[in-house]
Amino acid sequence: MLCIVFLPITFLIVGSSKLCPHQCSCYDASELVDCRSRGFTHIPHSIPHGTWLLDLSGNKLSELRSTSFTGIWALRVLLLSQSNMQVVHSKALSSLTFLEKLDLAYNELRVLPPDFCQGLTTLKDLKLSHNALERLESHSLEDLESLERLDLSHNHIQVIEVGAFRGLTMLRHLNLAWNQLTVLQGGLLTMQQSLGVLFLNHNNISKIETEALAPLQTLSILNLEANQLRSLKFKMFLNLQTPSTHLQMSENPWTCDCELHRVFTKILHVRHLHVDDYMNITCHSPLLVAGASLGLMHSQLCIAETATVLIITGTVIVTVVGALVMAERKRKKQKMNLEKQGNDPISFITRFSFLAIVFRLQNE
């Protein structure tokens, strides 16, 4: 009787141990597989087909091959951060049709293959932060139709092709902070009507095109801190028709003039726009106000500019009046000289002699 009891138990233990990869830990009937920091240089081959979560972070994988995840059809969460990943080969992830979360942060990826997201139609959360990406091609992310969160922060991205986010219609959170972007062009976020959070801080952005933010109908947070913005166009924010949007714009080299004062005054009077760090926005130029808080002195900017205009206008008026006075004096002096010449006896005799000569010549 004891044998009848122990045999099935022994069978179950052995069976379970065969389903779990060597050096890994498996939980909940091998649905959760923990292979963190085990020194793997490739994806283990013995991962159970029914695995729901696979954690391979902290290994030395260096690449993902096209057959790395073949047969793991049920995978929902795949964690590959800090794995020295340098290359993701074509169709490496295409078999993971039920994947919802993919973490590739803290690796060494420089480029994404054109079909990087092929098959990942259910993916909701993608982390690619702390890599070495330099540009995003128009087709690399186009199939991520269910994606809600995308983290591309701490890369070297300089160029994002228009159309790169075209298929991401469900995107709610986009983090592009700590990159090397120089311009936010119109058309880039055309399909992101559901976007609620946009981080663009710590880039080199010096220009935001007027229509760049217009499609973002639900944007609640826009972070533009620590860029190269010197001025703003109010029309850009006027196109931002949202219920409520919080703006962060400090640590930019603002040129504090009357025009910037007018723009911020208008923004502050728009009910749905809130500049959270307004009192922390400091002037970079002109030199006279460098380092001063825009919030504390913004009303003085137009006064100073008006005073400057009045001084210049006054100088011009004085110069013109002076020139007119000098011209009038010169004219009077010339008139007096002519009148003086007319009363001079010698001049009269000279004119009389000239007329006599003319009369004599006519009679001859």
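Predicted model: local features only at pLDDT ≥ 70, side-chain atom pairs only at ≥ 80, totals over all residues.
I started with Asn-201, which sits in the loop between β14 (197-199) and β15 (207-208); strands here are DSSP E runs of at least two residues, helices are H or I runs of at least four, and both are numbered from the N terminus. Residues are numbered from 1 along each chain as its sequence is written, and side-chain values use heavy atoms, with hydrogens and water left out.

Is Asn-201 buried or exposed? I got a relative accessible area of 10%, so Asn-201 is buried (under 20%; exposed is over 50%, partly exposed in between; 1.4 Å probe, protein chains only). Leaving out residues up to four places away in sequence, I found Asn-201 touching Ala-177, Trp-178, Asn-223, Leu-224, Glu-225 and Asn-227 (heavy atoms within 4.5 Å).

Next I looked up the sheet. It is open, has 12 strands with mixed pairing, and runs β1-β2-β3-β5-β7-β8-β10-β12-β14-β16-β17-β19 (strands pair if DSSP finds at least two bridges between them). β1 (25-27) and β19 (273-275) are the edges, each with a single partner strand, so one side of each lacks a neighbour in the sheet. At the β19 end, I saw β17 (residues 245-248) run parallel to β19, joined by three bridges. Thr-245 has Leu-273 in β19 as its bridge partner.

Last, I checked Ile-312, which is in helix α4 (residues 294-342).
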